[in-house]
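Open the model in your viewer and keep the selection panel at hand. The stops below go from a whole chain to an interface, then to ring pairs and charged pairs.

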Amino acid sequence: MRDAPRIPDMQAQNPAIELRGLTKTFGPVVANDRINLAVRQGEILALLGENGSGKTTLMNMLSGIYRPDSGEIFVQGRPVDIRAPGDAIALGIGMIHQHFKLVDVLTAMENIVLGTRDDHQATRRALEQRIREISRRFGLDVTPEKKIYNMAVGEKQTVEILKVLYRGARILILDEPTAVLTPQEADRLFDILRHMKADGCAVIIITHKLGEVMAIADRITILRKGASVATVEKAATTVRELTELMVGRPLDLAIHRPPVDDPKRLLDVFSLTVLNAERVPALRDVTFSLRGGEVLGVAGVAGSGQRELCETIAGLMDKEEGAILFHGKNIEGKTPRQIIEMGISMSFIPEDRLGMGLVGAMGIVDNLLLKDYQKGRGPFVRRAPARARAKEMIARLGIVTPDTRTPVRRLSGGNVQKVLLGREIASGPELLITAYPVRGLDIHSSYTIYDLINEQKRKGVGVLFIGEDLDVLLELCDRILVLCGGEVTGIVRPQETTKAQLGLMMTGSLRQETGVGA
Amino acid sequence: MIGKPFAPVRAERRTDVPLTTQILARGLAIALALLTGGLFILMLGHSPQAVYASMLTGALGSATARVEMFKLAIPLLITALGITLAFRMRFWNIGAEGQICLGAIAAAYFALYQPHWPAWLLFPAMFAAAALAGGLWGAIPAWFKARFGTNETLFTLMMNYIALYTIQFLREGPWKNPQDMGFPKIARFAKEAQLPRVLGLHAGWIAALVLLALVYVYLRYSKQGYEISVVGENENTARYAGMNVRRIILRTMFLSGAVCGVAGMLQATGADRTLTDTVAGGVGFSAITVAWLSHLHPLVMLPVSLLFAVLEKGSGFIESVFGISAAAADVLQGILLFFVLGCEFFISFRLIVARKEARHG
């Protein structure tokens, strides 16, 4: 077993980790331009920046995946050279990646010791003991014998954290850790981070969510276009100042909610019950209606049946009971193709855009073809019109891509979402289903998405908006439906409810229906 | 230095290698391969120049040699095209051997029992029967995959043996040539049922080139080709877009098997002029290498399969001329392939050597 490296007292005044003039270029692109930052022991530093501002490149240099072109890294005041991930671990630097690197079929404990020498030597009991000890020290809640595939996202992240702590990390770097978490899971994560801080660890949290920054950080370093533009104390700054530093200009943070006019019945869902793959009800007796020109928000803890609701309406899942009427016509049990053939124009933006909705290895042109490649007679695909549409879309939505043929998985998250949303909106849908449309997106991209949704609403499109940020739901939606364990626990108007009430409905301890019929 | 070296050399994926560098790298790989192979030949006690030269003359030196070489290239190219259809869909069709056998069996039925049919009917019938038989043979594992999610790699592989032993069964039983008293053999096809020659080579080469063009256009420009790519890359997205994934898997594997079946028909009626259990003879496996070396790009398969055929024919030739054993000739082939395949690694990855002392700053 290995102990965490002891910090010599004489160096205690040095920052735990410090970067001076770190630069990394990829061909003509300067990803990191003379970046300076420092984190002290027992301090949480937020690294704030929009997509493409160089956060991930910086992280990769600290974890030994890339090497800097120039600049220096100091750990406990000593210059170091991080050549490979093993070096970073030996220096006590632990990375929590956005995409978990865990072996699904192994238990939490097996994942934690994997790759250390301990997996051969120590007994299971001793390992378990050690893991419980670390868990207690940092307030982590992990069942060592539980298999990863049985875990919720928040639990998996805890295992990741435990993994780096087990390896003796005293400097933790978390890359957008809350992107996949529910608000409750995020709160739990912040508690863990506070424990680490109290224990003398140095924590860097990479994010673009201002709310988080204000909640957890001591100091904030802002990256813009690859350069570190400022470092500020949290106590001495405001959300407005941070936004301006990050975006480079003032930004209006209010979300508009245009009034619903000309309400027409569009979608009626009656007593919908859906079973998941394990034949357990994922949705129970769900009834609601959605009108044209209305944004209906769906709130709920992750896994409350949101995905099943979307996929059942989109024709990707079969229902057990109930009916889905679109303009009074029953569409349940129909495949996506049959729904299209009925002349119904429906768009679905799934939460995992590269997992469903887009083909990551294809360029924008081929992705635009996805839903209408069958159009036009003859056996051949017509790419010329799609190419023109792609160029037009790139210009209109400001998509950043080297070429229309560049595989979309190489684009940043915001640009990927713009491609998907752009394609779906261009198809002129009557119903737009969006699941977590701003997940993983920076502020600027998020507001572009809200604007696009409102633009659709004005055209009379009915929007089903699955959201996670309650503040956004309250500002954007005309009504909010709350799901808890697959059941509707409330359909409310945002003007007549509060965040706290929504939270109670999400846990099923309150039922309220104020906005049902309207 | 606190950190200790973890990986002295590591690989980083790259996609930015210019075409000229790629060509240069491949040329260099071939040169290195020839050099290493030369050392090996020296160890065997022969002159490398002489052996290499006779490999070339053996494969390309005379009209007969060239015909023989092309005869090897035809089934290789067609089969590579066939499995590419499946591979583009990420369906690992390892069953080309079996599909070739089935195509050959189907064609052999007409050659043995209906040779009196007019040529305009006989050849199209053989062609259609071979495509149908190979296609159905390929569609069986596809059906099980689409229906029950079975592993296609094992399934297609096992079906090779069924096909192979079916030929042996026919040879020793129902289709045994009564004129051959001792050794069980299937009769030589009647002259009318042998593929005609065009420019000194059986007409299969025309079929190969036509198939090359068809597969290229199909994959690149057709709606079905587009569906294959989408299903291969992301099945969820395919369902999302309203594609019938099961039907696409079945259809594509039928086509993949059909193309391989045609290779079997051409081999039996054009090259072998009878049905033997060596009609596939490992082509179904070599074609996988050809397909990957060509990055699943149909047009590249033409030069690659020719290169393979030259290597194969040439090493056969040096066996007889220099008395080099078949095994040693295979080693030589292996050395050449090793370098060429290895070079693809260096084109896709960049090696980063960690230096102990150096620190940028």
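The tour names what to select at each stop and then says what is there.

This is a predicted model, in which local features need pLDDT of at least 70 and side-chain atom pairs count only at pLDDT 80 or more, while totals for chains, interfaces and linings use all residues. Residues are numbered from 1 along each chain as its sequence is written, chains are lettered from A and ligands numbered from 1 in the order in which they are written, and side-chain values use heavy atoms, with hydrogens and water left out.

**Stop 1: chain B**

Select chain B, which has 13 helices and 4 strands (DSSP runs numbered from the N terminus: H or I of at least four residues for helices, E of at least two for strands). Its C-alpha atoms fill a box of roughly 85 × 65 × 35 Å along the principal axes. Of the 361 residues in chain B, 49% are buried (under 20% relative accessible area; exposed is over 50% and partly exposed lies in between, with a 1.4 Å probe and protein chains only). Take the contacts in chain B between residues at least 6 apart in sequence: 76% of them join residues at least 24 apart (contact means heavy atoms within 4.5 Å).

**Stop 2: the interface**

Now show chain A as well. Here 35 residues of chain B are in contact with 50 residues of chain A. The two chains bury about 3600 Å² between them, 56% of it on carbon and sulfur atoms (the accessible area, 1.4 Å probe, that two parts lose on being put together, summed over both). How many salt bridges are counted between chain B and chain A? The count is 0 (a salt bridge is a side-chain nitrogen of Lys or Arg within 4 Å of a carboxyl oxygen of Asp or Glu).

On the chain B side, select β1 (9–13), α7 (204–221), α8 (223–233) and α9 (235–240), each of which supplies at least two residues of the side that touches chain A. The most comes from α8(B), with 6 residues.

**Stop 3: ring pairs**

Over all chains, a search finds 17 aromatic pairs (rings of Phe, Tyr and Trp, the last by its six-membered ring, with centres within 6.5 Å; planes under 30 degrees apart are stacked, over 60 edge-to-face, the rest tilted). Select B:Trp92 and B:Trp292, a tilted pair at 6.0 Å centre to centre with 35 degrees between the planes. B:Trp92 is in the loop between α3 (63–87) and α4 (96–113) of chain B, and B:Trp292 is in helix α11 (residues 283–293), 200 residues apart. B:Trp92 is partly exposed at 27%, and B:Trp292 is partly exposed at 44%.

Next, the rings of B:Phe338 and B:Phe339 are edge-to-face because their planes are at 90 degrees, with centres 5.6 Å apart. B:Phe338 is exposed at 61%, whereas B:Phe339 is partly exposed at 22%. Then select B:Tyr109, B:Phe110, B:Tyr113, B:Trp117 and B:Trp175, which ring pairs link into a cluster.

**Stop 4: charged pairs**

The salt bridge count over all chains is 40. Select A:Arg307 and A:Glu311, whose side chains meet at 3.5 Å, N to O. They are 4 residues apart in helix α10 (residues 306–313) of chain A, about one helical turn. Is A:Glu311 buried or exposed? A:Glu311 is buried at 9%, while A:Arg307 is partly exposed at 41%.

Move to A:Asp403 and A:Arg405, a salt bridge at 3.3 Å. A:Asp403 is partly exposed at 31%, and A:Arg405 is exposed at 66%. Finish on A:Arg67, A:Asp81, A:Arg83 and A:Asp87, linked in a network of salt bridges.
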